[in-house]
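Subject: Structure handover

Hello,

Here is the structure I promised to pass on. Please open it alongside this note.

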Amino acid sequence: MRWILLLTLVRTIWCAHGACEPIRIEMCRGLGYNVTVMPNLVGHEIQGDADFTLQTFSPLIQYGCSAQLHLFLCSVYAPMCTEKVPAPIGPCRGLCEQVRARCFPVLQGFGFPWPAALNCSKFPPENNHQHMCMEGPGEPGPANPIQAVSTSNGPWGCSWYAKSGLYIFLNRSGRCAAACDADILWSQKDKRIAEAWMAVFATICLVSVAIAILTLLRPRKRPVLTTTAERAIVFLTICHAAVAIGYVIRLAAGRLNVACTPAIPIHPQDQVVLAQQQQQQQQQQQQQYLTQDGLANPYCAAVFLLLYYFGYAAIVWWVAICAWWCIMARKWTRTAGNYKEDSFGPQQGFSTIAAVAAWGLPAAHTIAVLVTRDVDADELTASCFVGQQNAHSLLVLVLAPQFVYLSFGATFLLVGLATLMLPRRPAVTPTSTSMSTSTSTSTSTSTSTSSSSSSAATTTAAVLTALTASHANPLMRPQREIAGKSSPAEIQRRQKQLLIRVGVFGCLYAALIICLTSTTFYEWWGRETWLRAPEPSTAPRVPARPFLQLFVLRLVVTLGAGIIAAAWIWWPEVTSICRKLPHCKQPPHKCHPVPVVHCYNAATASNPIPHQIHHLGHLTPPSQHPLLHQHATIANSQMPHRNHKKHRKHRKYHHSGSETQV
């Protein structure tokens, strides 16, 4: 009776756990056992459900984070079954913890948590006669899921580097990353020098931009930013200010917080596994390396966005300035002057195109970097940028855009300079029209007189024409500003001054871009040579090293461009303020007496009228001008003189039609 009850109980337990059945899951075949039992350890009733769930782990298995992952998953979803043991045989807790220690950081990096069904606490702690479980063959190499360090020949796959012992191999990307505190290409002294230059020029750049902003906010009678080029230079200055802020964030946050990434993100549940490892492995797990995917670090991501996006936005704004200057140079050559201040250069349409290009093209570059996740840290400055550890990314995402933008900007500048060398078409101005009318009037008047007076009048007209060709008549008052509008001469002067200032700025900024592109090309060309281990040779070789001066020059050029752009804004205002200071004012010039030239005709030669006397205070004295020297007898015998020591105000007189006026 007892045996019947015992057999009934065993049969009941056996039926509750199910009977052993062959493994029909393709992924779990060939693991050392070929039968399983359902339901499995996670509650699946049929093997089809277990197979469907295992397919979701295929990317993780192909990734290769753990050599025991395949066995662990099959021991959970298709546990071993034997007739000698009534319960299914699953994994041991040690196997689960080893797999979790290697694969959980990978899942966490992709944004996935560790599955709750694979909680290691529900598995037996060890294999014994009370609880049978599978322990697994163990992991080859260290238990670090991110790095694998060899004590003799450097990291796996990093032996071709000259200083292979200072690198950490990353299983996730299959690349070698330099240790955060390693001195591979630069010494600690070089890094301190670079940080000092960075701090000084970032501060100067921000101060210069602040002065420029205060200058623009100063109230004025007339608007300051009237053309597209002036507004573009302001935007360019703001972009360089953002770049300087990026360097300030790097200095404030520190090298470790910006450029370094822990070798393994330690989870609280992994402390049991780490406590069982050796002391050397624990030290290796605490190492940090120069980040190669800086988007996970907020400091690194912020520095990258400020340096990369706004740096290229400033370059595109410079290209827009060069295009505007080229168009205006051609317009300035074709027409001698443009007296409409509002129509100087392309305005609304060109401004829209320039803004779209300046903000859109760098955004496209930034999106490409975010998709490829090529944000990495630099060893020298510890700032996050693109291509600091990848030569291909440096070529495609940094050097190529710089070269393209430099080519466009230089082409616009050369075309503009070639256009300005062409002869300029003369323009017919109101002044020239009045002069020609006055000359024709004097010629007709002198023809109607007698032959003797005609000769004297013709000589006098020739003298006055030669004198007034290069000098303005002081008796003609300049055209004053009426209703807030400037005179055509004043508008033309401002346009010419603006064209010269913009051209000088474009050429100077082009020189800075050439320096920036040259240093980037120098880094791309020689990086592999500097890092690669020297080939075996019988003769001793000195390893190639980069020049620190060129990399510091690139840093200075990047921040110095912002200083120059801001100075272009505030320099005219500061100089005008300095001229108004008392110690900057010059003493008044002493005025010397000059002769007076009388203009008259034959009808009034005997009785000269006082109002025929004209003061030509700025004309050359008769003894110095050749035309006056030839006709000295006419000027000395028939033209009375006035006392030059007495200064009188000009009076309004009524002139007759027979008089010749200048």
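Predicted model: local features only at pLDDT ≥ 70, side-chain atom pairs only at ≥ 80, totals over all residues.

Below is what turned up in it, going from the overall fold to single residue pairs.

Overall fold

The protein has 662 residues, and 41% of them count as buried. It holds 19 helices and 13 strands. Take the contacts between residues at least 6 apart in sequence: 75% of them join residues at least 24 apart.

Nonpolar cores

The largest nonpolar core contains 97 residues. Leu 236, Tyr 308 and Trp 318 have the most contacts inside it. Helix H11, residues 298-334, gives the most to this core, with 21 residues.

Leaving aside residues up to four places away in sequence, Leu 236 touches Ala 314, Trp 317, Trp 318, Ile 321, Phe 505, Tyr 509 and Ala 565.

Annotated spans and helix H17

The unreviewed UniProt entry annotates "transmembrane region" at residues 196-217, 229-249, 306-328, 349-371, 403-422, 498-522 and 551-571. I have geometry for two of these spans. Residues 196-217 are 100% helix and 0% strand, with the end C-alpha atoms 32 Å apart. Residues 349-371 are also 100% helix and 0% strand, and their end C-alpha atoms lie 33 Å apart.

Helix H17 runs over residues 548-580 and has 33 residues. From first C-alpha to last, H17 reaches 45 Å, close to the 48 Å expected at 1.5 Å a residue. H17 has a kink of about 45 degrees at Trp 570. The kink comes shortly before the proline Pro 572.

Salt bridges

Side chains of opposite charge can pair when their charged atoms come close. The structure holds nine salt bridges. These are the ones to look at.

- Arg 250 and Glu 195: their side chains meet in a salt bridge at 2.4 Å, N to O. Arg 250 lies in helix H7 (residues 228-253) and Glu 195 in helix H6 (residues 188-217), so the pair ties together parts that are 55 residues apart in sequence. Arg 250 has a relative accessible area of 1%, so it counts as buried. Glu 195 is partly exposed, with a relative accessible area of 27%.

- Asp 293 and Arg 373: this salt bridge is 3.0 Å, N to O. The pair links distant parts of the chain, 80 residues apart. Asp 293 sits in the loop between strand E9 (288-290) and H11. Arg 373 sits in the loop between helix H12 (348-372) and strand E10 (375-377). Asp 293 counts as partly exposed, at 24% relative accessibility. Arg 373 is partly exposed too, at 39%.

- Asp 183, Lys 191 and Glu 379: salt bridges that share partners join these residues into one network.

- Arg 24 and Glu 21: the closest N and O atoms of this salt bridge are 3.4 Å apart. Is Arg 24 buried or exposed? At 52% relative accessibility, Arg 24 counts as exposed, because the cut-off is over 50%.

Best wishes

Notes. Residues numbered from 1 in each chain as written. Heavy atoms only, no water. Core = buried A, V, L, I, M, F, W, Y, C linked by side-chain atoms within 4.5 Å. Buried < 20%, exposed > 50% of the residue type's maximum accessible area, 1.4 Å probe, protein only. Helix = DSSP H or I, 4+ residues; strand = E, 2+ residues; numbered from the N terminus. Contact = heavy atoms within 4.5 Å. UniProt positions renumbered as here; feature names shortened; annotations may be inferred. Expected span 1.5 Å × (residues − 1). Bend = angle between axes of the 7 residues up to and from the residue. Salt bridge = Lys/Arg side-chain N within 4 Å of Asp/Glu carboxyl O.
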